[in-house]
Structure formats: structure tokens, C-alpha cells
Amino acid sequence: MEQQASVHTNTINIRLFGQFAEMAGSQSIDVDWVADTDSLRRVLEARFPTLQQLPYLVAVDKDIATDNMILHPHAVVALLPPYSGG
Amino acid sequence: MPSLPYYLPIRVANPFIAIIMEKKVKNIFVQGPIAASFVADSIQKHNTKTNIGAHSIFLGQVRNDVVEGKTVVAIDYTAYEEMALEKMHVIREEIFQKYPLTCMHIHHSLGRIEAGALCLFVFTSSGHRKAAIDACEEVVERIKKELPIWGKELFDNATHQWKENS
């Protein structure tokens, strides 16, 4: 059921990394479709209030959304905590 | 340590093929620590490239930081690999535009790396020292700042915290 929902355009599958994957206990989550990244941030911060305290980046098709970005139906969206490579 | 891809310069007569090959996105990730012997072998492999006059090497090593009485015993690295490789490709192109380098090799560990083990290897070579040194430093800074890689610091009491680059 859940797997089916993720391929429909009325939901967005969001890839999770680092502490976000740990917090969610999953590599991805589905949220109801929103038109742009600002709306997505609002939806996510309402659902996961800890995001309001944590700096995070939204990547759309492997690019960081610096301003508000329109989400196209097949956008690959990811939620990125602060980097700590190297 | 598994055998790692090693990128030798590709000489092809057809410039069109050369361009395609240059655009190929290289993998930087290795599972587990980077062995000192791998670093040595990498240096050795450059002895046929006699136009090189300088190498600069940066090695990142997992440090046993102490946080509130707990000691870091290892770091578990994960990455958004597809995005990191794409970003690294852009960084690589920009660095080659900016500095007269002969070659550049980058390896970053994934998975659990014990304190004292190597987790990052950046290797730049050029005709003269300044380009190799400056490029190496810039690449290290950009890797830390721009690549979606995360380190989970594992403490000696089985707890952990997520590292954050300053």
C-alpha cells in the first residue's frame, strides 16, 4: 500500500540521510504532494517539529534548493542535515 | 582493503573520445579505511609521469575526540553518494580550470572507521609546488563544505553523536 503511494504523483517520496534517517528509522518518507520547496519545508516542520531547531537543506534532483523551487512530478527530493565529511 | 579504481591518464588520439572520457564521473568512495600502503602505491604509480615536479597529499585521520567524558572510538560515514559524486565532478573540473595540475585523486571512506585510521586521501600533482599545494588545500575545504557526507561519532560507551563540520 505504502509502496504504491510513493509512485503516485499525489505524494512525494523524500530521501533521508544522516540523523534524519536515524530519527525517522527509515531511508525515506512519503508526504502529500506540495508545489514547491517552501511548502515542503512547512509541511515537514509541522510533522517533525525538531526540524525547526535543526539547520537542514533540501536537495531537488541533487541540487540544493537555495530559493523556493517548484517541484516537478518526478523530482528526486532529499532532506540533508549539516555535512560532516572529511 | 579492496582493490581501488586507479585513474591513469587516458591518452586517445580522437579528441571527441577524450572529451567523453573526461566527463566520466569518477567514484571517490571506498568501503572501510584507506590503507597507508594504498597511499604509498598511489605515489609509486606516478614515477612514470616525469613532467610532475610536486605532489601534495592530504590525509584525514579519525581523531579520538573526548566529549563530556566520552571518547570517540570510530566514525561511521554515510553519504548521498549520487549527489556527492556529481558535486565532486564539478569541483574537480573547477580545480583543473583554476590550477595547472597534472592529476588529482580523491578517496573518501564510507562505513565504520576506527580512531587512528585514514578516512580521506586527497592527492594533487603538478609541475611546480604551488599549484599542487593550493589545489590540495582548496579541494579538502570544498569536500568538507560541499559534499553530502555525514559522520556519526561512535563513543566508547555505545552512544553516538552526529558530527558537524565547522
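T66(A) belongs to the loop that links β4 (63–64) and β5 (77–80) of chain A. T37(A) is 29 residues away from T66(A) in sequence, with a C-alpha to C-alpha distance of 9.5 Å.

A word on conventions. This is a predicted model, in which local features need pLDDT of at least 70 and side-chain atom pairs pLDDT 80 or more, while totals for chains, interfaces and linings use all residues. Residues are numbered from 1 along each chain as its sequence is written, with chains lettered from A and ligands numbered from 1 in the order in which they are written.

Chain B holds 4 helices and 8 strands (DSSP runs numbered from the N terminus, H or I of at least four residues for helices and E of at least two for strands). Along the sequence they come in the order α-β-α-β-β-β-α-β-β-α-β-β. Of the 166 residues of chain B, 28% are buried. Among contacts in chain B with a separation of 6 or more, 76% join residues 24 or more positions apart (a contact means C-beta atoms, placed from the backbone, within 7 Å).

Helices α3 (residues 81–98) and α4 (residues 129–146) of chain B pair up, their axes coming within 11 Å and crossing at roughly 155° (axes are lines fitted to C-alpha atoms over the stretch in contact, with angles from 0 to 180 degrees between N-to-C directions). That makes α3(B) roughly antiparallel to α4(B), a label for angles over 145 degrees. On the α3(B) side the contact uses K87(B), I91(B) and I95(B), and on the α4(B) side A135(B), E138(B), V139(B), R142(B) and E146(B). By class, that is 4 nonpolar, no polar and 4 charged residues (Ala, Val, Leu, Ile, Met, Phe, Trp, Tyr, Cys and Pro are nonpolar, Asp, Glu, Lys and Arg charged, and the others, Gly among them, polar).

Where the chains meet, chain B gives 20 residues and chain A 13 residues. On the chain B side, α3, α4 and β7 (149–155) each supply two or more residues, and the side as a whole splits into 10 nonpolar, 5 polar and 5 charged.

The largest nonpolar core has 48 residues, and A78(A) and I75(B) have the most contacts inside it (buried Ala, Val, Leu, Ile, Met, Phe, Trp, Tyr and Cys residues joined through C-beta atoms within 7 Å). Its largest share, 6 residues, comes from α4(B).

Methods:
Angles under 35 degrees count as roughly parallel, over 145 as roughly antiparallel, 65 to 115 as roughly perpendicular and the rest as oblique. Two residues are in contact if their C-beta atoms, placed from the backbone, lie within 7 Å. A residue is buried if 20 or more other C-beta atoms lie within 10 Å of its own, exposed if 12 or fewer, and partly exposed in between; C-beta atoms are placed from the backbone.
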